[in-house]
Amino acid sequence: MIFQDAAQFAASGFTPQVCIVGAGPAGITIANKLAAAGIPSVLLEGGAEEWTEDSQDVYRGVTIGDPYFDLDITRLRFLGGCSNHWAGWCRVLDAHDFTAKSYVPDTGWPIRRGDIEPFLPETFDVLGLHDFPPDRQTTDRFYRFEVQKSEAVRFGEKYREAIAASEHIALLLNTAAGELVGDGTRITAAKLISNGAAAGEIAAPFFVVATGGLENSRLLLWSNERSNGGVVPHADALGRYWMEHPMYWTGNAFLTDTAALTPDHEGHAFFIPSPQAMAEREVLNFHVQVETMPFSGAKRMIADLACHAPQTAEWVSNLLGAKLQCSARVHLDWEQAPRRHNRVALSTTERDAYGVPRIELHWKKDELDRHTMLEAMRMFGEDLARKDLGRVQISDWVLNGEDYPDDMELAGNHHMGGTRMGTDVKTSVVDSDCRVHGMANLFVGGSSVFTTSGQCTPTTTIVALALRLGDHLAREVVGVRTEAKA
Amino acid sequence: MKPSDKTGIRRRTLLGALLALPALAVLFRVIRPTAHQDLVEVDGWILKRTDVEGDRA
């Protein structure tokens with residue numbers, strides 16, 4: 001069922017067991033999982049079925065620290081959420097991403113990869129993926145791994161018709177939870193804003209916040225402030241430990257055996273370090289993307305020349321009208337350390353059209369980012385040279401610790417942390433079931449629960465965790481029903 | 001199309017010359033040792049020691 005506003009929904013008499021705030025990849029996946037178990041849920045979507053300027057405006061905010069994307073550009077507020085601009089690259093966090101790194105504080109999840117593995121076949125169905133081949137060891141310390149460049153699933157488009165026909169899912173468009181109301185042990189209601197105006201409250205036995213890796217923190221911070229701590233009773237870590245995947249072109253390479261790197265059909269080859277290699281240099285996880293040059297013949301030779309004598313090559317390059325570079329470029333994406341000071345906060349001066357404080361994102365890369373970037377390039381260069389697969393040149397700005405370039409991507413638009421998973425209430429917000437510490441009926445879906453980020457794109461893991469949460473909730477709802485009958 | 005032997009030789013010669021260019025840099029740039037005896041870092045290039053010192057290394 002699909003409703004265009006809260007009044008239409010109220011008239012329907014639909015009684016949800018679970019209220020899911022946010023209709024992006026996590027929210028829709030949880031609703032589908034519950035529906036498969038015959039459990040009715042209401043899915044609140046603040047936006048419409050398409051992008052609108054008014055809806056997007058709710059996401060405006062400021063970033064303090066390092067340059068970052070505009071907060072109303074890096075995410076989307078309409079049905080399907082951020083899946084609407086997702087590139088479709090897939091990979092699941094590795095087993096070692098879940099374990100603590102002794103040299104980085106606050107790492108280590110309370111679950112292991114084995115806890116999400118039962119949900120991977122279903123995850124692959126949702127995202128249209130095939131099984132991932134095993135990583136292949138290419139050098140002593142690096143493995144060639146597969147990033148599946150899938151046809152990106154737009155969750156709104158893919159599931160709209162099924163939701164419209166479902167008896168168990170009520171999708172409520174143009175309707176946001178302005179705040180949750182809690183008493184320190186339970187959420188009692190969500191206050192609705194529908195079509196721009198206050199629209200009463202909605203009650204349900206269970207609530208899931210799944211509004212995205214920035215907005216989850218904002219909604220919970222605001223709700224907690226309004227409820228005097230009644231929504232997140234242990235709020236030390238709320239909004240904190242926020243993470244991204246910084247990414248830059250960090251060097252060039254001259255390849256002597258391109259075939260050995262097995263580039264994909266776009267000429268890209270992806271490499272990850274072994275856990276031992278990371279520990280050896282005390283770096284966080286990362287991946288190296290080698291982009292082989294699509295030139296051949298004379299152009300290729302000139303491109304090779306550019307690696308070694310860029311000034312000499314420049315005039316030839318100009319002559320041919322092409323920006324020729326080395327035979328390969330090296331791109332690095334890396335995991336950030338979870339830091340308390342990187343956080344989502346509520347603005348004290350700016351509010352959106354509905355009176356909710358806008359986001360003030362505090363985000364700054366630190367020395368460990370620099371160290372990881374440089375040592376990652378060194379390790380990869382050393383391994384390529386020792387295997388005689390090529391030679392790597394580290395870019396001057398990386399080598400000399402100069403400012404990060406402002407003409408590159410900066411990061412992956414991956415918003416992680418803020419309501420991280422853990423066992424210690426001082427450093428986490430949700431437990432291993434994604435339940436907010438101390439709250440009987442409040443859960444969180446999405447990448448905000450990531451304890452650490454690993455090196456890979458988050459969507460595949462988000463969907464796997466959402467399926468796991470949906471499965472858990474289904475059992476919990478049935479348990480509550482059974483208790484009530486008894 | 002398979003390149004002719006002559007083209008192949010020219011290519012190898014040129015690439016050999018190109019690989020030797022970093023060696024010239026050694027004359028006026030600092031070599032940074034790496035964690036491995038057989039490798040050096042010259043101005044950001046991760047090279048085999050033999051790349052810059054020839055077979056004497």
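Predicted model: local features only at pLDDT ≥ 70, side-chain atom pairs only at ≥ 80, totals over all residues.
Student: Why is A:Cys19 called buried?

Tutor: Its relative accessible area is 0%. Buried means under 20%, so A:Cys19 qualifies.

Student: What makes A:Cys82 partly exposed?

Tutor: A:Cys82 has a relative accessible area of 31%. Exposed requires over 50%, and buried under 20%. The value of 31% lies in between, so A:Cys82 is called partly exposed.

Student: How many disulfides does the structure hold over all chains?

Tutor: The count is 0. A disulfide needs a pair of cysteine sulfur atoms within 2.5 Å.

Student: What makes β1(B) and β2(B) a pair of strands?

Tutor: Pairing takes at least two bridges. Here 3 bridges join strand β1 (residues 31–33) of chain B to β2(B), so they pair. The two run antiparallel. A hairpin of 5 residues connects them. B:Arg32 stands opposite B:Glu41 in β2(B).

Student: Why do β2(B) and strand β3 (residues 45–48) of chain B count as paired?

Tutor: They share 4 bridges, and at least two are needed, so they count as paired. The sense is antiparallel. B:Val40 stands opposite B:Leu47 in β3(B). Their hairpin has 2 residues between the strands, and B:Asp43 takes a positive phi near 50° there.

Student: How do you know that both faces of strand β2 (residues 39–42) of chain B are covered?

Tutor: Look at each side. B:Leu39 and B:Glu41 lie on one, B:Val40 and B:Val42 on the other. All are buried. In a regular strand, side chains alternate between the two faces of the sheet.

Definitions and conventions: Residues numbered from 1 in each chain as written. Chains lettered and ligands numbered in written order. Heavy atoms only, no water. Buried < 20%, exposed > 50% of the residue type's maximum accessible area, 1.4 Å probe, protein only.
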